[in-house]
Amino acid sequence: MAKFPSTARVVIIGGGAVGASCLYHLAKAGWRDCVLLEKNELTAGSTWHAAGNVPTFSTSWAVMNMQRYSTELYARLGAEVDYPMNYHQTGSIRLAHSRERMQEFERACSMGRHQGMDLEILSLDDIKARYPFVETHDLQGGLYDPNDGDIDPSQVTQALAKGARDMGATILRFCPATGVDRQDGEWIGHTDKGDIRCDYVVNAAGYYAQRVGEWFKPFGGRTVPMMVMSHQYLLTDEIPEIEAWTKDTGHKLPLLRDVDSSYYLRQEKHGLNLGPYERNCRAHWVQPDDPMPDDFSFQLYPDDLDRLDWHVEDAMARVPLLGSAGINKVINGPIPYAPDGMPLLGPIPGVPNAFEACVFTFGIAQGGGAGKVLAEWLTQGAPEWDMWATDPRRYTDYTDRDYCIAKGMEVYGHEYAMHFPWHEWPAGRGKKLSPVHDRIKDMGGVMGAYNGWERANWFAHPGDDTSEQATQTWARTGPWQARIRQECEAVRDACGILDLPGFSRFTLEGPNAADWLTGQITGAVPRVGRIGLIYFADPRGRLLTEMSVIRHSEDQMTLITAAAAQWHDFELLSNALQGVEGVALADCTADYSTQILAGPKSRAVLGGICDADLHLPWLTHQTTQIAGCQALLVRVSFAGELGWEIHTKTTDTAQVFDAVWNAGQKHGLKPFGMHALNALRIEKAYRAWKGDLSTDYTMFEAGLDRFVNLEKPQDFPGKQALLAEKKAGPTIRFVSLIVDAGEADAPHMSNLWHEGQIVGETTSGAWGYRIGASVALGMVRADLATPGTVLEIEIYGQHHRATVQPDGPLWDPNNERLRA
């Protein structure tokens with residue numbers, strides 16, 4: 001028997017497909033001193049009973065990348081590690097019942113094309129030609145993915161495990177992890193067979209990830225945001241017609257997904273596998289009378305077929321052959337769900353040198369790519385692709401038990417739902433409320449959730465349709481359109497107020513604070529009394545995050561960043577501060593709130609309620625009293641008009657809001673929402689985090705040259721990479737485009753075309769109500785980033801003329817209105 005390892009570079013907890021993939025990719029990257037712990041046999045959790053479908057389809061750029069990589073890996077893995085595998089790349093057909101679904105398919109086709117995949121839009125005749133047993137009379141069309149198919153989950157896991165072992169990695173089966181400890185900057189993984197001291201720990205424990213996650217709480221961790229769903233699929237007896245068709249054609253039927261009816265139908269040998277995602281779904285292990293067992297290895301739940309009746313009947317109507325066969329077997333097993341249905345892949349929030357690769361709802365399809373991403377994060381410090389969509393730090397403290405259960409059930413019941421730009425999912429809402437939440441609702445606020453905080457997206461008038469059904473469109477037209485226009489026009493012509501709770505806010509102070517911060521960012525720290533933007537790059541020169549810095553004194557600053565960035569950015573700062581003397585960092589997000597007052601009459605509004613010097617220039621700040629409360633007035637405006645951010649203690653929010661609101665009535669003050677703010681900021685070419693600003697782009701590619709000082713003596717992260725890029729010149733550049741758009745504006749990651757080639761992508765888009773045109777921001781091949789260059793944007797399958805604009809704002813290009 002091999003000697004039990006007492007040390008390792010990495011310990012992975014969990015031996016499913018994802019854990020095995022992580023071990024394989026670490027070994028392939030040269031980190032072979034790694035150990036995987038599995039309490040039973042490999043695949044004993046969700047892996048063994050998984051259906052094994054391997055789609056590439058996703059409307060998330062990051063997840064599509066992961067799934068595409070999985071298909072590429074699995075196609076070569078058997079030969080690469082010399083292990084037999086049943087991998088059938090049968091292709092798949094997704095069926096569309098509506099024009100809106102076809103538009104979603106066109107968008108996915110476009111994204112796939114950009115990643116080098118040959119997704120194809122199908123007519124009804126095309127569908128019939130590929131799948132003769134399907135009824136198409138009530139369909140609009142379909143989407144074909146030639147790389148989709150199915151794989152044996154146990155075989156792919158064993159193949160990854162064999163590859164890892166052959167490269168020197170260690171797998172300990174029947175060796176459950178029992179806890180972790182931390183000593184002298186290292187982790188100690190406890191097992192019944194002994195302890196393993198290691199540099200890094202990975203929680204890949206599948207549906208047990210929350211239990212494992214509790215071990216990390218003493219070291220800064222939190223409860224893993226997840227729950228467990230029951231997913232059933234049915235296997236039929238063999239069907240002679242399918243057997244005959246397979247023998248005649250020499251291959252299996254494509255995997256069929258009726259996404260509008262919410263199920264997949266796959267050929268299994270010569271029968272069918274039907275897997276519904278039903279609305280009347282069931283969560284498990286969430287009630288006192290249904291506790292999670294200590295060990296559920298290779299076990300299933302009892303059959304619960306009644307809740308599938310509608311889906312079975314619908315599938316039999318769609319593929320009548322299904323009704324000719326009896327049910328041979330029912331699989332009903334646990335599947336973990338995060339609140340948004342995406343996995344948790346990345347650093348554990350608040351915990352040093354600990355990562356999560358867990359809560360994979362589609363672990364087989366995403367497992368190959370997940371191993372690549374995790375290995376890059378560990379061995380290189382960052383993955384190739386921006387992975388915010390899966391980063392565990394995207395959730396903060398609002399993801400309590402009830403929220404996770406409600407959202408998990410909502411996601412499961414809408415597994416194939418379209419994610420329309422104007423729609424807000426209703427479950428799990430109201431987690432964080434502004435002190436003026438009720439006032440905002442009474443004004444007609446139609447709310448959205450931002451890091452758990454409720455903010456108004458737009459303001460409805462009496463009689464406006466605010467139903468969920470009204471939002472089921474990709475088009476800009478809807479009851480919100482006239483209201484967003486009015487809100488933008490109020491900001492342009494008079495003034496508007498936006499209640500903005502939840503800005504992430506950190507205090508940084510101490511005699512070394514300014515010098516330390518200067519050594520972390522690409523540019524300069526603003527002078528005392530000023531506010532400025534600062535940017536953090538990674539060692540590749542790619543854009544990690546953007547913050548606003550309010551410089552109160554030589555030794556005291558407030559850093560403000562996006563609501564969603566709270567845990568990500570605080571961790572970035574606190575990690576960099578390890579061992580630094582004379583600098584203190586604190587998160588005071590919950591203690592303060594913000595209102596945005598913007599528009600040419602905003603000075604008159606404030607002049608009636610405070611004695612501040614309202615003629616201090618743009619990018620300054622000052623303290624004043626409003627309604628007896630202390631307020632910090634910051635002379636900036638993300639809306640691109642004369643304006644201020646009004647920062648107050650959260651407890652003073654209502655008093656200050658009421659004072660501003662009442663004073664503003666004689667000046668035409670109106671409320672405006674996040675949709676209007678988005679339109680206003682895009683007209684100014686202001687970037688948004690994790691849309692226009694991400695680690696997919698360098699500082700120079702993002703057009704942020706003026707925030708990079710390569711002459712300063714500090715060797716800030718990314719400096720050497722940016723020096724090299726400066727010398728060579730970036731290959732892509734940020735541009736603003738005026739688009740001859742149709743009914744919809746360009747969504748994130750729409751292809752840019754030139755002379756029949758994809759030459760870039762959009763990062764965001766919206767209608768600009770001040771300039772009266774559709775605007776897109778994006779990245780394009782550097783030689784095409786010249787004003788006047790005519791490109792095409794592919795918006796939901798349709799090509800639209802787009803013209804590159806001069807660098808800078810489209811509205812008020814000289815910032816005269818901002819500086820007024």
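**The largest cavity and beyond**

Guide: Let's start inside: the largest cavity is lined by I440, M443, A456, F459, I497, L498, D499, F657, P671 and F672. Before we go on, this is a predicted model, so local features need pLDDT of at least 70 and side-chain atom pairs need 80 or more, while totals for chains, interfaces and linings use all residues. Residues are numbered from 1 along each chain as its sequence is written, and side-chain values use heavy atoms, with hydrogens and water left out.

A cavity is a set of points on a 1 Å grid over the protein atoms alone where a 1.4 Å probe fits but cannot get out, and its lining residues have an atom within 4 Å of a point. The structure holds three cavities of 30 Å³ or more, and in the largest there is about 50 Å³ of space, a volume being what probe spheres set on the joined points fill.

What kinds of residues make up that lining? Nine are nonpolar, none is polar and one is charged; here Ala, Val, Leu, Ile, Met, Phe, Trp, Tyr, Cys and Pro count as nonpolar, Asp, Glu, Lys and Arg as charged, and the others, Gly among them, as polar. Two strands, β21 (453-459) and β22 (495-499), each supply at least two residues of this lining. The biggest giver is β22, with three residues. Strands are DSSP runs of E, at least two residues long, and helices are runs of H or I, at least four, numbered from the N terminus.

Staying with strands, let's visit β6, residues 141-145. Five of the five residues in β6 are buried, where buried means under 20% relative accessible area, exposed over 50%, and partly exposed in between (1.4 Å probe, protein chains only). In β6, G141, L143 and D145 are on one side and G142 and Y144 on the other, and both faces are covered. Strand β4 (residues 92-96) runs antiparallel to β6 and is joined to it by five bridges; two strands pair if DSSP finds at least two bridges between them. In that pairing, A96 sits opposite G141. Strand β5 (residues 120-122) is also an antiparallel partner of β6, over three bridges, and E120 has Y144 as its bridge partner.

Now for charged side chains. The structure holds 48 salt bridges, each a side-chain nitrogen of Lys or Arg within 4 Å of a carboxyl oxygen of Asp or Glu. In one of them, E72 meets R68, with the closest N and O atoms 3.1 Å apart. Both E72 and R68 belong to helix α2 (residues 61-81), four residues apart, about one turn of the helix. E72 is partly exposed at 37% relative accessibility, whereas R68 is buried at 12%.

E554 and R551 also meet in a salt bridge, at 3.1 Å from N to O. Here E554 is exposed, with a relative accessible area of 53%, and R551 is buried, at 7%.

Next, look at D783 and R781, whose salt bridge is 2.7 Å from N to O. D783 is partly exposed at 49%, and R781 is partly exposed at 31%. Elsewhere, salt bridges that share partners link D150, K252, R266 and E268 into one network.

Last stop: an unreviewed UniProt entry lists residues 733-805 as "domain: Aminomethyltransferase C-terminal". Over residues 733-805 the chain is 62% strand and 0% helix, with its end C-alpha atoms 12 Å apart.

Conventions
On a 1 Å grid over the protein atoms alone, a cavity is a set of points where a 1.4 Å probe fits but cannot get out, and a pocket is an open set with protein on both sides within 12 Å along at least five of seven lines; lining residues have an atom within 4 Å of a point. UniProt positions are given in the numbering used here, feature names are shortened, and annotations may be inferred rather than shown by experiment.
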